[in-house]
Amino acid sequence: MTRSSAVLRCGLDIGSTTIKIVLLEGDKIRYQQYRRPNADIAGELLQAFQDLNAEFPGISASISVTGSGGLGVSRWLDLPFVQ
């Protein structure tokens, strides 16, 4: 991805059995992941962010969290929660 002035947005959907991540540049999906944390949400999120950073090193994006398990994660990471 080339660096541009477009704002990058990252959404995290933390469900009871899955973690989904999407990176948007404007209305275009630039990256997406679907993971099963197997009761290790923290470890799987760390790996997910490492994978995202490997694909797009040094990017800056606004991040919002949603999902049935998202409220706790948003508090833990000090990120906005979206219902």
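In this predicted model, the buried residues of helix 2 are Gly70, Val73 and Ser74. They span an arc of only 100 degrees around the axis, which places them on the same side of helix 2. In general, an α-helix has 3.6 residues a turn, so residues three or four places apart point the same way.

Glycine 70 lies in helix 2. Its relative accessibility is 0%, so glycine 70 counts as buried. Its contacts, with neighbours within four places in sequence left aside, are Ile14, Val65 and Phe81. Valine 82 is 12 residues from glycine 70 in sequence. In space, the two lie 8.6 Å apart, C-alpha to C-alpha.

The packing of helix 2 against helix 1 was examined next. Two packed helices are described by the angle between their axes and the distance between the axes. Here helix 1 covers residues 41-55 and helix 2 covers residues 70-77. Their axes come within 12 Å and cross at roughly 65 degrees. Angles of 65 to 115 degrees count as roughly perpendicular, and helix 1 is therefore roughly perpendicular to helix 2. The crossing is right-handed. Helix 1 contributes Ile41, Ala42, Leu45 and Phe49 to the contact. Helix 2 contributes Val73, Trp76 and Leu77. The contact residues divide into seven nonpolar, no polar and no charged. Val73 belongs to the buried set and takes part in the helix contact.

Most residues other than glycine have a negative phi. Asparagine 38 is found in the loop between strand 3 and helix 1. At 67% relative accessibility, asparagine 38 counts as exposed. Aspartate 78 follows helix 2. Aspartate 78 has a relative accessibility of 70% and so counts as exposed.

Two serines in loops were also considered. Serine 68 sits in the loop between strand 4 and helix 2. It is exposed, with a relative accessible area of 66%. Beyond residues up to four places away in sequence, serine 68 touches Ile14, Gly15 and Ser16. Ile14 is also among the contacts of glycine 70. The C-alpha atoms of serine 68 and threonine 17 are separated by 9.7 Å. Along the chain, these two residues are 51 residues apart. Serine 60 is found in the loop between helix 1 and strand 4. At 64% relative accessibility, serine 60 counts as exposed. Its C-alpha atom is separated by 7.0 Å from that of leucine 8. Along the chain, serine 60 and leucine 8 are 52 residues apart.

Glutamine 32 provides an example from a strand. It lies in strand 3, which covers residues 28-35. With a relative accessibility of 59%, glutamine 32 counts as exposed. Setting aside its neighbours within four places in sequence, glutamine 32 is in contact with Ile21 and Val22. Phenylalanine 56 is 24 residues from glutamine 32 along the chain. The C-alpha atoms of this pair are separated by 12 Å.

How values were computed. Residues numbered from 1 in each chain as written. Predicted model: local features only at pLDDT ≥ 70, side-chain atom pairs only at ≥ 80, totals over all residues. Heavy atoms only, no water. Axes fitted to C-alpha atoms, helices over the stretch in contact; angles between N-to-C directions. Helix = DSSP H or I, 4+ residues; strand = E, 2+ residues; numbered from the N terminus. Parallel < 35°, antiparallel > 145°, perpendicular 65-115°, else oblique. Left-handed = near helix turned anticlockwise from the far one by under 90°. Contact = heavy atoms within 4.5 Å. Nonpolar A, V, L, I, M, F, W, Y, C, P; charged D, E, K, R; others polar. Buried < 20%, exposed > 50% of the residue type's maximum accessible area, 1.4 Å probe, protein only. Arc of directions from axis to C-beta.
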